[in-house]
Amino acid sequence: MTTKDIATIKRRLNPEKRNPSMIRGCYVDIHGNVLTTFRKNVSQIPEEELEKYLAIFRRTVSGTYGQQLLSIEFSDEQVASDEAYAGLMGLCKTELEDEETANGIYGRIIEWLNKEYAVAQQSVEEQLKAPNRLILLLYDSFDVAFKHGDGEEDLSMSESIFNYVLCAVCPVQQGKESLAYFESEATFHAKPADWSVGLPEVGFMFPSMEDGGADISHALYYSKDMNNVHEAFIHSVFHGEIMMNATEQKETVRTLLEDTLREECSMDVIQIVNEQVKEMMELQKEDKQAEPLQLSGRDVGKVLANAGVSEEKVEAFKQSYSDVFGEDTSIPAVNVVSPKEFKVVTPSVQIRVAPDQADLVTTRIIDGQKYILILADGNVEVNGINISIQ
């Protein structure tokens, strides 16, 4: 999905416009028992309450693509005959009206909860702290604007409708008893502990959008923690393959660079790689119709060659990348470089520099000793005190 597509969905999740038509929910305890289910027509939900629901769903299409947001691809075989895929399509086709279809997705999510949060393996203390879960589903549909040859959109000539479902799985935790003010009595009373719904841990949108229309071979998956993509959820709900999370991808790329470039893995090379990839990401971001930048081993190899790495080392990197990720696999550029940070770490010192100022840091060998040099241009403070350099 492109930045524009995601923005389109977020705009529709506005309580004042009441675009979605249906919200369903399933409340589950820590043992996987269904406590209650409900369905609500959006038109009948008070605006204040609706905003709480829509804030949860907006979160499921928020975050950095390749980290909190991931694309789930369905194979041709899945599209043709997979039960999990058929269930997702059923949610859209029935517009969340069918109880059995909704129960099917609840069941697969409860299956994940039972696996990932196995109560039998928790101590009594852990069980008391463990949250219940609220599974929420939302249905929406809208006319897709017709595009003229010059790219101008015309909603009056719409020829298709985009139907989609959002899902959010949220923790529900009990707070503490408190002393609260009751305005009607103008006094204070003990207030029992409330159960509050938190922001979603995981969620998804199905199908994805492509150029404003439906891409039924993909879903957009959300995980609050980019270090934990909840592989069991992906397997239970999508029958998908376990994927490497963002942190694992970053660490893998770093290891590949160190192991294949060896003595050529210098400060200058890493600075050039970061700078060039960052420029590529910014250029891609300017095109609202384009998906976030993805890089293959060949793409990174070209950048390494531009940075002056020898052909032998470039080929070694590309081969290692292919062995780990797959020959034709691309990963999000944000997991190849850190666009918002340039950090230098030694056993005793850490240096953080704005990425666009990374050229202020250099390395030198002076009298046989290795040094990191930082250009001190302008005021220099030590513990908040301006100092002079002589």
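K115 is partly exposed, with a relative accessible area of 49%; partly exposed lies between buried, under 20%, and exposed, over 50%, using a 1.4 Å probe and protein chains only. This is a predicted model, in which local features need pLDDT of at least 70, side-chain atom pairs count only at pLDDT 80 or more, and totals for chains, interfaces and linings use all residues. Residues are numbered from 1 along each chain as its sequence is written, and side-chain values use heavy atoms, leaving out hydrogens and water.

K115 forms a salt bridge with E111, with the closest N and O atoms 3.3 Å apart. The term means a side-chain nitrogen of Lys or Arg within 4 Å of a carboxyl oxygen of Asp or Glu. The two residues sit four apart in helix α5, so about one helical turn separates K115 and E111. Helices here are DSSP runs of H or I, at least four residues, numbered from the N terminus.

Now the interior. Which residues of α2 are buried? They are L50, Y53, L54, I56 and F57. Down the axis of α2 these fall within an arc of 150°, taken from the directions from the axis to the C-beta atoms, so they line one face of the helix. The face turned away carries the exposed residues E48 and K52.

The largest nonpolar core has 35 residues, a core being buried Ala, Val, Leu, Ile, Met, Phe, Trp, Tyr and Cys residues joined through side-chain atoms within 4.5 Å. Its largest share, seven residues, comes from helix α5. A second, separate core of 31 residues includes L50.
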